[in-house]
Amino acid sequence: MNEILDGVAAVLMVLGAAMSLAAAIGLFTFPDLITRMHAATKPQVFGLLLLLLAVALALRAWTLLPLLVLMWIFQLLTIPVGGHMVARAGYRTRHVDRRGVAIDELAQVVERAGSPAPGSAAGSGSAPPAAGRVDPDRASRDTP
């Protein structure tokens with residue numbers, strides 16, 4: 001039975017490492033910010049799950065299981081949110097290739113916030129930013 005559990009742990013470890021490697025390769029090879037954020041979040045979370053399952057099976061210390069589950073839940077909650085925030089900041093600073101975007105629901109939200117959406121006709125920067133917000137266009141023009 002120990003040999004079977006060791007074999008399953010080894011397979012899970014290799015699969016988890018492969019998923020994490022795929023995430024790293026995607027960060028370097030994908031062409032734009034949005035696809036890079038996808039590569040950084042999706043396979044990395046699943047790869048971490050496989051690695052944590054491999055650790056649980058290899059150590060056979062079931063007292064560590066709650067800690068491993070807590071680690072995975074924390075990563076499951078923080079990695080996609082972090083990727084979303086980086087992609088949203090990239091959108092606002094015009095680092096998103098809009099040719100691949102079929103539906104742009106964020107353009108209206110960004111326009112209402114005071115900074116023009118990438119590629120919009122209202123991109124003159126004449127509208128003042130909403131209270132407490134910094135207009136990235138105006139900040140780049142004002143700095144020497």
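Predicted model: local features only at pLDDT ≥ 70, side-chain atom pairs only at ≥ 80, totals over all residues.
Helix 3 supplies the largest share of a nonpolar patch, 3 residues. Leu 59 belongs to helix 2.

Now for how those two helices meet. Two packed helices are described by the angle between their axes and the distance between the axes. Here are the values:

| Item | Value |
|---|---|
| Helix 2 | residues 33–59 |
| Helix 3 | residues 65–92 |
| Axis distance | within 9 Å |
| Crossing angle | roughly 175° |

Since angles over 145 degrees count as roughly antiparallel, helix 2 is therefore roughly antiparallel to helix 3. On the helix 2 side, the contact includes Leu 33, Ile 34, Met 37 and Gln 44; helix 3 brings, among others, Trp 72, Gln 75, Ile 79 and Pro 80. Sort the residues of this contact by type and you get 19 nonpolar, 5 polar and no charged.

So where do charges pair up? Side chains of opposite charge can pair when their charged atoms come close. Searching the whole structure turns up 1 salt bridge. Arg 60 and Asp 6 form a salt bridge, with their closest N and O atoms 2.8 Å apart. This pair ties together distant parts of the chain, 54 residues apart: Arg 60 lies in the loop between helix 2 and helix 3, while Asp 6 is in helix 1 (residues 2–29).

Note on methods:
Residues numbered from 1 in each chain as written. Heavy atoms only, no water. Axes fitted to C-alpha atoms, helices over the stretch in contact; angles between N-to-C directions. Helix = DSSP H or I, 4+ residues; strand = E, 2+ residues; numbered from the N terminus. Parallel < 35°, antiparallel > 145°, perpendicular 65-115°, else oblique. Contact = heavy atoms within 4.5 Å. Nonpolar A, V, L, I, M, F, W, Y, C, P; charged D, E, K, R; others polar. Salt bridge = Lys/Arg side-chain N within 4 Å of Asp/Glu carboxyl O.
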